[in-house]
Amino acid sequence: MKFGVVVFPGSNGDHDALKAVELGLQEEVVPIWHKDTSVAGCDALLIPGGFSYGDYLRAGAIARFSPIVDAITSFANDGGPVLGICNGFQVLTEAGLLPGALLKNAGLSFSSTWVHVRTETDRTPFTVGIDPGTVLRLPIAHGQGRYFIAPDDLATLEANDQIVFRYTDSKGHEDDAHNPNGSVAHIAGICNQRGNVVALMPHPERAYDALIGGDEGLQILRAVVHAGLSAVSA
Amino acid sequence: MSIINDSVVDNQRSYLVEVFVSLKPVVNDPQGLSIRDGLNSLGYAEVEAVRAGKYLRVTLSAESASDAETRVRRMCEQLLANPVTETFHLVVTPLNDH
């Protein structure tokens with residue numbers, strides 16, 4: 001399976017993502033420059049973390065004008081698996097591929113720590129094979145990660161099974177003390193209605209080996225490999 | 001053709017459109033809350049609320065003030081404000097040419 005990691009000016013999680021696929025998954029992976037106009041035959045795309053275009057105006061707001069975003073949109077509309085991580089989540093909401101928006105953390109500080117998230121659905125290519133209720137320990141590093149969506153749209157999100165991860169304690173119970181940024185309904189990650197475009201604020205690509213503090217993020221990246229293989233054999 | 005183009009150019013003038021972007025009332029504004037607390041700490045006990053936002057100045061050529069406003073309104077809907085979380089209002093001022 002061939003992964004592509006999209007690189008914007010200001011991305012800083014791109015090399016983490018490349019290494020996670022190369023060393024953690026041992027799958028083929030290539031960087032895709034934001035000025036490229038095709039996804040280079042990749043089977044899955046990762047939109048990495050960082051500060052694309054300096055977070056000018058709003059985080060992710062300017063990145064959507066990069067030529068590659070049209071190619072990402074076509075890939076997503078064809079059902080291709082896309083994972084947005086941190087700034088990648090912000091880019092995907094600004095590009096209209098995912099609903100809602102990400103705002104300055106409720107506590108105003110940049111949060112760099114490890115958190116727990118509970119997997120809410122296994123219907124996406126990045127959670128297939130991970131039982132709902134499974135708690136994963138992942139790092140976060142963001143200043144604008146407070147997920148917001150209007151109450152009516154939140155109800156739609158819930159009804160459509162589009163909430164993929166929620167912040168919880170290590171046992172999988174959500175409460176305000178374990179919500180690191182004030183996200184509505186403790187949301188850490190969501191997907192589009194079809195389920196093929198997924199994004200989360202935590203960094204699964206920074207948790208691919210116990211040597212770097214944890215390896216539970218690898219389950220998310222590995223899921224898409226299994227999903228891809230099953231799609232081929234189906 | 002050139003006459004039409006010239007007449008269009010003649011009708012254009014510069015406008016300054018000031019864009020005030022703020023979070024919707026339903027959206028929690030921790031920056032505003034912190035600033036309010038700071039003002040209260042300074043002794044301004046009368047301060048009840050502060051909302052933080054963005055201020056942008058767009059200078060553009062347009063045929064009229066309403067044309068300038070219409071154009072910048074579109075810009076806000078497409079880029080300058082996020083319709084999920086933000087609202088905006090505009091103040092249009094004609095600029096003196098030459």
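This is a predicted model: local features need pLDDT of at least 70, side-chain atom pairs count only at pLDDT 80 or more; totals for chains, interfaces and linings use all residues.
## Overall build of chain A

Chain A carries five helices and eleven strands. Its C-alpha trace extends over about 40 × 40 × 35 Å along the principal axes.

Of the 234 residues in chain A, 53% are buried. If you look at contacts between residues at least 6 apart in the sequence of chain A, 75% of them link residues at least 24 apart.

## The nine-stranded sheet

Chain A holds an open sheet of nine strands with mixed pairing, in the order E2-E1-E3-E4-E11-E10-E9-E6-E7. At its edges are E2 and strand E7 (135–142) of chain A, each of which pairs on one side only. On average, neighbouring strands of this sheet are turned by 25 degrees against each other, with direction ignored.

For a look at one pairing, take strand E6 (residues 111–119) and strand E9 (residues 163–168) of chain A: they run antiparallel and are joined by four bridges. Here Val117(A) sits opposite Tyr167(A) of E9(A).

Which residues of helix H2 (residues 68–77) of chain A are buried? They are Ile68(A), Val69(A), Ile72(A), Phe75(A) and Ala76(A). Viewed down the axis of H2(A), these buried residues fall within an arc of 120 degrees, so they line one face of the helix. Their cover includes strand E1 (2–7), strand E2 (28–33), strand E3 (44–47), strand E4 (82–85) and strand E11 (197–200) of chain A.

H2(A) packs on the nine-stranded sheet, and its direction makes about 130 degrees with that of E4(A). After the helix comes Gly79(A), with a positive phi near 95 degrees.

## Helix H3, enclosed

Helix H3 (residues 87–94) of chain A has eight of its eight residues buried, so it is largely enclosed by the rest of the structure. Those residues are Asn87(A), Gly88(A), Phe89(A), Gln90(A), Val91(A), Leu92(A), Thr93(A) and Glu94(A).

What do the buried residues of H3(A) pack against? Their partners are E3, E4, strand E5 (101–103) and E11 of chain A. Just past H3(A) you will find Gly96(A), where phi is positive at about 80 degrees.

## Positive phi in two loops

Most residues other than glycine have a negative phi. Against that background, two residues of chain A deserve a look. Gln26(A) is not a glycine, yet its phi is positive, about 55 degrees. Gln26(A) lies in the loop between helix H1 (14–25) and E2 of chain A. Is Gln26(A) buried or exposed? It counts as exposed, because it has 9 C-beta neighbours inside 10 Å and 12 or fewer is the cut-off for that class.

Leu57(A), also not a glycine, has a positive phi of about 70 degrees. Its place is the loop between E3 and H2 of chain A. With 17 other C-beta atoms within 10 Å, Leu57(A) is partly exposed.

## Chain B and its sheet

Chain B has three helices and three strands, arranged α-β-α-β-α-β from the N terminus on. Buried residues account for 14% of its 98 residues. Among chain B contacts between residues at least 6 apart in sequence, 69% join residues at least 24 apart.

The three strands of an open sheet in chain B follow the order E2-E1-E3, with antiparallel pairing. Strand E2 (53–62) and strand E3 (86–94) of chain B are at the edges with a single partner strand each, so one side of each is left without a neighbour in the sheet. The twist from one strand to the next averages 20 degrees. Strand E1 (residues 13–23) of chain B is joined to E2(B) by ten bridges, and Ser22(B) has Gly53(B) as its bridge partner.

## Where the chains meet

Methods. Residues are numbered from 1 along each chain as its sequence is written. Chains are lettered from A and ligands numbered from 1 in the order in which they are written. A residue is buried if 20 or more other C-beta atoms lie within 10 Å of its own, exposed if 12 or fewer, and partly exposed in between; C-beta atoms are placed from the backbone. The arc is that of the directions from the helix axis to the C-beta atoms. Two residues are in contact if their C-beta atoms, placed from the backbone, lie within 7 Å. Two strands pair if DSSP finds at least two bridges between them. Axes are lines fitted to C-alpha atoms, for helices over the stretch in contact, and angles run from 0 to 180 degrees between N-to-C directions.
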